[in-house]
Structure formats: structure tokens, C-alpha cells
Amino acid sequence: QVQLVESGGGLVQPGGSLRLSCAASGFTFRINGMEWYRRAPGAERELVARITSAGDTTYVESVKGRFTISRDNTRSTVYLQMNNLKPDDTAVYYCKRYLAENWGQGTQVTVSS
């Protein structure tokens, strides 16, 4: 069955960086778009970034210029490089297969001094 396993979260100071990974299995990764979402405390779930099977990317305005989504089809893994992190980036981050209701378990990112 489809599995998405996120990793790479943690506690980081403002201005710091983290790289999230999402290892996918159970479907043909290379032909699927992939997405990163996040849910901050008390907030709705928010789409952060998307990458198509062709490698085209889109981002929510608040992370443009700071976050980069990428994929490695040889490893069936999607990444989210997060730089210049801010306290408002604190959330649980989830990866998702585009146009499918397959979610990972999430990884906590906390930005705090």
C-alpha cells in the first residue's frame, strides 16, 4: 500500500535551516506530483509547496525565496529545504501525493529561540 514517511523535523532557532524528507513507496513515484503541507497550532492545514512529475514547482507566498521543494526519483523521495526559518513556520509538516488522499504521519518543526 501507499506509504509516505517524513523525517527531518526538529527544533531550530530563527534564521536557521532544516531539510525535510519524505520517502514514498507503494506507487509509481516518478509520475506523481508531490506536495508539502503544514498545520500550525490552532490553524487550518496549508499547502506549502508542490512539485510536478516534470519538476515544476509552486509555493505559498509566505515561503517564497526561503523554501525549496525538490525530488529524487531514484530514491522515491521528495524534499523540502527550509532556510531563514521564522517562528511562524512552526507547524507539523506533512507530505502528500498530488490528487490523492495519501498522507504521511507528519514531522514537527519548531522555530524558537
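A few ground rules. Residues are numbered from 1 along each chain as its sequence is written, and side-chain values use heavy atoms, with hydrogens and water left out. Because the model is predicted, local features need pLDDT of at least 70 and side-chain atom pairs count only at pLDDT 80 or more, while totals for chains, interfaces and linings use all residues.

Strands here are DSSP runs of E with at least two residues, numbered from the N terminus, and two of them pair if DSSP finds at least two bridges between them. In general, strands of a sheet pair through backbone hydrogen bonds, either parallel or antiparallel.

Let's look at β4 (residues 34–39). Five of its six residues are buried, so β4 is largely enclosed by the rest of the structure; buried means under 20% relative accessible area, exposed means over 50%, and partly exposed is in between (1.4 Å probe, protein chains only). β4 pairs with β5 (residues 45–51) in the antiparallel sense over six bridges, and Trp 36 stands opposite Ala 49 in β5. The two strands make a hairpin with five residues between them, and Gly 42 in that turn has a positive phi of about 75°. β4 also pairs antiparallel with β9 (residues 91–97), again over six bridges, with Arg 38 opposite Tyr 93 in β9. Further along, β5 and β6 are antiparallel over three bridges, and Ile 51 has Thr 57 in β6 as its bridge partner.

**β3 and its partners**

Now for β3 (residues 18–25). The table lists two antiparallel pairings that involve β3.

| Strand pair | Bridges | Example of facing residues |
|---|---|---|
| β1 (residues 3–7) and β3 | five | Val 5 and Ala 23 |
| β3 and β8 (residues 77–82) | six | Ser 21 and Tyr 79 |

**The disulfide**

Counting pairs of cysteine sulfur atoms within 2.5 Å gives one disulfide. The bond joins Cys 22 to Cys 95, S to S 1.9 Å. Cys 22 in β3 and Cys 95 in β9 are 73 residues apart, so to speak distant parts of the chain. The torsion about their S-S bond is about 40°, so the disulfide is right-handed. Both Cys 22 and Cys 95 are buried.

**The core**

A nonpolar core is a set of buried Ala, Val, Leu, Ile, Met, Phe, Trp, Tyr and Cys residues joined through side-chain atoms within 4.5 Å. The largest one has 25 residues, of which Trp 36, Phe 67, Val 78, Leu 80, Met 82 and Tyr 93 touch the most other members. Elements giving two or more residues to this core are β3, β4, β5, β7 (67–72), β8, β9 and β10 (107–111). β3 gives the most, with four residues.

**Rings and charges**

Rings of Phe, Tyr and Trp (its six-membered ring) pair if their centres lie within 6.5 Å; planes under 30 degrees apart count as stacked, over 60 as edge-to-face and the rest as tilted. There are three aromatic pairs. Tyr 94 and Trp 103 have ring centres 6.2 Å apart and planes at 85°, so that pair is edge-to-face. Ring pairs link Tyr 37, Tyr 94 and Trp 103 into a cluster. Tyr 94 counts as buried at 18% relative accessibility, and Trp 103 as partly exposed at 24%.

A charge sits over a ring if NZ of Lys or CZ of Arg is within 6 Å of the ring centre and within 35 degrees of the ring normal. Arg 71 lies over the face of Phe 29, 4.5 Å from the ring centre. The charged end of Arg 97 sits over the ring of Phe 27, 4.6 Å from its centre.

**Two positive phi values**

Most residues other than glycine have a negative phi. Ser 76, in the loop between β7 and β8, has a positive phi near 50° and is partly exposed at 21% relative accessibility. Leu 99, in the loop between β9 and β10, has a positive phi of about 65° and is exposed, with a relative accessible area of 72%.
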